[in-house]
Amino acid sequence: MKLGQATIKDIAKALNISSSTVSRALKDYPGISNETKEKVKALAKKLNYRPNAVALSLRKSKSSTIGVIIPEVVHFFFSTVISGIEEVAYANGYNVILLQTNENVTREIAAVDTIISNQIDGLLVSFSKETSDFDHFKKLMDYHYPIVFFDRLPNLPDTVNVTVDDHTGAYKAVKHLIEQGYTKIIHLAGPENLKISIDRKEGYLKALQEAGIPIREDWIIPCPKGTPEESETICRALLSHPSDRPDAVFASNDIAAAGAMQAAKAIGLKLPEEFGAVGFSDWQFSSMIAPPLSSVSQPGFKMGEKAAQLLLEMIDSENEEAFTARTEMLETGLVIRKSSLRKG
């Protein structure tokens, strides 16, 4: 280690204490003993430790405000998550600042900079589809800044996360289709870099394997945009061959499922008799289209509540356990409607 390049982690390792303790000692937190504060400050001085601009911004006075970075405000699922976050935040005297990325990583990095410059106390994050490098979040975590990731889990160590059991939700959805007599089931998959997409695909595969249905890789189609136009185009091509035609779809989101249903209708197939569909997220429109769409429901409000509770514990607690890496997993449900009820 070179002088002038020491970090909080370096000091923590040298003294065999946590990064959180070092950070709090440097900030003169009352819960840290005078002996520990003296040791930390002495070593910091010896190593010529200097907090950078990020650290200086993050160590200023409490703002009683938390930040939320989300991909889309208009997404029904995320809107319910926001409601849960606000419920907990306001009940505990915190305001909420909302930053939308529109699934754009450049906007996401700018949002993190906004959080830093405005001295927000903590951050809740569901990162964009484009995000594969998480350095803009890691630089905050290196200064022991409170962050909780929800829905989409990053490829980072030592994170605190809240998500749903996507694997089981997908498995139950495909198993339901099989029980209804569908055997040629395609999967419209989500962005390949998202763990939720991977888990949903694995749930789909497990249901087919258990039923002894051959897996066709050409029937697992990435649908990264998740738009009805994208899925309708894909499914029109697949459904145009009567001798090798799928009889159902499990889509990674409801919009993609709706596009698949439009494709089936366009070529004259009867739903659900000749083509069945199940989506994921249970958007409000799912019960309003014809036929109503079966879907895997996610407890968005509960996810928002839990994520906010964990974040406030990290902000307000002087206990290192609040920062312990863990993933809280919430259960999904299967809402069965006419789009998949071939047997009535």
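**Entry 1: the whole protein**

I began with contacts, meaning heavy atoms within 4.5 Å. Among the contacts in the protein with a separation of 6 or more, 74% come from residues 24 or more positions apart.

A note to myself on the source: this is a predicted model, where local features need pLDDT of at least 70, side-chain atom pairs count only at pLDDT 80 or more, and totals for chains, interfaces and linings use all residues. Residues are numbered from 1 along each chain as its sequence is written, and side-chain values use heavy atoms, with hydrogens and water left out.

I looked up the overall extent next, and the C-alpha trace spans about 75 × 40 × 30 Å along its principal axes. Of the 344 residues, 51% count as buried. Buried means under 20% relative accessible area, exposed means over 50%, and partly exposed lies in between (1.4 Å probe, protein chains only).

The secondary structure comes to twelve helices and twelve strands. Both are DSSP runs numbered from the N terminus: helices are H or I with at least four residues, strands are E with at least two.

**Entry 2: the parallel sheet**

I traced an open sheet of six strands in the order β2-β1-β3-β4-β5-β11, with parallel pairing. Two strands pair if DSSP finds at least two bridges between them. β2 (95–100) and β11 (326–330) stand at the edges with a single partner strand each, so one side of each has no neighbour in the sheet. From one strand to the next, the twist averages 20°.

Then I checked some pairings. β1 (residues 65–70) and β3 (residues 122–125) run parallel and are joined by four bridges; I66 stands opposite G122 in β3. Helix α6 (residues 105–117) packs on this sheet, touching β1, β2 and β3, and its direction makes about 155° with that of β2. For such angles, axes are lines fitted to C-alpha atoms (for helices over the stretch in contact), and angles run from 0 to 180 degrees between N-to-C directions.

β3 also pairs with β4 in the parallel sense, over three bridges. L124 has V148 in β4 as its bridge partner. In β4, I147 and F149 point one way while V148 and F150 point the other, and all are buried.

**Entry 3: helix α5**

I tested the length of α5 (residues 76–91). Its 16 residues should span 22 Å at 1.5 Å a residue, and its end C-alpha atoms are 23 Å apart, which agrees. The expected span is 1.5 Å times one less than the number of residues.

Which residues of α5 are buried? I found F77, F78, V81, I82, G84, I85, V88 and A89. They cover an arc of only 165° around the axis, which puts them on the same side of α5. The arc is taken from the directions from the helix axis to the C-beta atoms. I kept a general rule beside this: an α-helix has 3.6 residues a turn, so residues three or four places apart point the same way.

The buried residues of α5 pack against β1, β2, β3, β4 (147–150), β9 (276–281) and α12 (300–316). Just after α5, G93 takes a positive phi of about 80°.

**Entry 4: the mixed sheet**

I found another open sheet of six strands, in the order β7-β6-β8-β9-β10-β12, and its pairing is mixed. Its edge strands are β7 (220–222) and β12 (333–335), each pairing on one side only.

β8 (residues 248–251) pairs with β9 in the parallel sense over three bridges, and V249 has A277 in β9 as its bridge partner. Helix α8 (residues 166–179) packs on the sheet, touching β6 (185–189), β8, β9, β10 (294–297) and β12, with its direction at about 165° to that of β9. Helix α11 (residues 254–266) lies across β6, β8, β9 and β10, at about 160° to β9.

I stopped at G169, which sits in α8 and is buried, with a relative accessible area of 2%. Not counting residues up to four places away in sequence, G169 touches F280, V296 and T332. G169 and S295 are 126 residues apart in sequence, yet 9.4 Å apart in space, C-alpha to C-alpha.

**Entry 5: cysteines**

How many disulfides does the structure hold? I counted zero, where a disulfide is a pair of cysteine sulfur atoms within 2.5 Å. The sulfur of C235 is 7.4 Å from the closest cysteine sulfur, in C223, too far for a bond. C223 is buried at 2% relative accessible area, and C235 counts as buried at 1%.
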